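Please look through the sequence and the model below.

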Amino acid sequence: MTTVRTDLADIAGAVPDPELRVVTIGELGIVRGAETAEDGRVVVTITPTYSGCPAMDAIRDDIRSALAGAGFADVEVRTVLSPAWSTDMITESGWAALERTGIAAPGASGTPTCPRCAHQGQPTPVLQISRYASTPCQSLWSCRSCLEPFNAIKKL
Amino acid sequence: MELLALGDDALIAAQRLAEWVSRAPTLEEDVALANIALDQLGAARMLLATVGDEDELAYRRDDHQFRNCLLAELPLGPSRGDLDFGWTMSWLLMLSAAQLLRYTDLAAVADEHAAGIGAKAVKESTYHLDHATMWMHRLGGGTEQSHRRVQEAVDALWPYGHELTEGVRDRWLAIVEPVLAEAGLTRPADRWRPDGGRVGRHTEHLSYLLAEMQSLHRAHPGAQW
């Protein structure tokens, strides 16, 4: 007998982000909800981080295959824009996973802390190298203490 | 302003900005311009999909059916194929300040979907405007050459700002004039006011841009990746 999992949002939310593989799209706040429609279809609602984010198509495909793997063949992925995504929607475990990989949070003032030197207690001085980085949601920084570059999530 | 015009501004601007990919003065700026182009394309897709079929609208219309303002279609340098960075930042300053105002107004409309697009795009336009502003400061206050070239660009593009800012000009000037002043640049006098983009009367530059953007779909209708 097949056990069908019904925690749909958890299954969709457990999909890793295609660009930042260390976090899930649930932790990033991309999954807004999931429910079963009257006709039995599963409808997952997602929101883009940036309107031109090229990962959205891959995310839709990954959600469909994750749910198919859990026994839901008929899945519709809907995109909603309101309320607009913001960095506040990233969960605590999401931030922790990002920091472990060396991707910093934007910081309350918009200046991130070097993830390598964070354990020293005292924030080290950092310099913004570029306002844009390898994905639309990140910027590029350099630590003046350890001299290593690092990415930070842009405050949005 | 109608959504089609707003979407066309973003679509044509995205295609223009994409010309910079692999040609920017630094790697960081290459990434920045590509990301701004991507944001513009994202906004364009959401807006055009609201009005009709996004692919039909982007790939199957002729130049006289586009409703973008003339500024969006202008080459990003003194002549076609002659990319100029200061020129591009002047263009981006003018365009993103206007888009920020249009999207702010869109975010306040009653239609929930359209308002959602506006709210999303406001955040992105703010970032584009910041980017252009920082570069205007650097170029305007940089070397004699950078100052001269960016002033020439502002002078040449300024007339197109009238059509761009129809209905929001005072609010737009309140954003753009201080940036020019901080950058030590002269705000050009208002003289001629080229327009026609909103009714489909475009410059020849749009035709070349569309020829490049649409050629694949014209040759292979319905082509997909």
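In chain B, helix α1 meets helix α2 through B:Leu3, B:Leu4, B:Leu6, B:Gly7, B:Ala10, B:Leu11, B:Ala13, B:Ala14 and B:Leu17 on the α1(B) side, and through B:Leu33, B:Ile36, B:Ala37, B:Gln40, B:Leu41, B:Ala43, B:Ala44, B:Leu47, B:Leu48, B:Thr50 and B:Val51 on the α2(B) side. Sorted by class, this contact has 17 nonpolar, three polar and no charged residues. Here Ala, Val, Leu, Ile, Met, Phe, Trp, Tyr, Cys and Pro count as nonpolar, Asp, Glu, Lys and Arg as charged, and the others, Gly among them, as polar. Two residues are in contact if their C-beta atoms, placed from the backbone, lie within 7 Å. Helices are DSSP runs of H or I with at least four residues, and strands are runs of E with at least two, numbered from the N terminus.

The model is predicted: local features need pLDDT of at least 70, side-chain atom pairs count only at pLDDT 80 or more, and totals for chains, interfaces and linings use all residues. Residues are numbered from 1 along each chain as its sequence is written, and chains are lettered from A and ligands numbered from 1 in the order in which they are written.

The axes of α1(B) (residues 3–17) and α2(B) (residues 27–51) come within 8 Å and cross at roughly 150°. These axes are lines fitted to C-alpha atoms over the stretch in contact, with angles from 0 to 180 degrees between N-to-C directions. The angle makes α1(B) roughly antiparallel to α2(B), a term for angles over 145 degrees.

Another pair in chain B is α5(B) with helix α6 (residues 112–140), which pack at an angle of about 150° with their axes 7 Å apart. α5(B) is therefore roughly antiparallel to α6(B). Their contact has 17 nonpolar, nine polar and no charged residues.

What is the size of the largest nonpolar core? This core has 72 residues, and those with the most contacts inside it include B:Leu47, B:Leu93 and B:Met136. Its largest share, 14 residues, comes from α5(B) (residues 85–106). A nonpolar core is a set of buried Ala, Val, Leu, Ile, Met, Phe, Trp, Tyr and Cys residues joined through C-beta atoms within 7 Å; buried means that 20 or more other C-beta atoms lie within 10 Å of a residue's own.

Chain A has three helices and seven strands. Of its 156 residues, 40% are buried. Between the chains, 16 residues of chain A are in contact with 20 residues of chain B.

How values were computed: A residue is buried if 20 or more other C-beta atoms lie within 10 Å of its own, exposed if 12 or fewer, and partly exposed in between; C-beta atoms are placed from the backbone. Angles under 35 degrees count as roughly parallel, over 145 as roughly antiparallel, 65 to 115 as roughly perpendicular and the rest as oblique.
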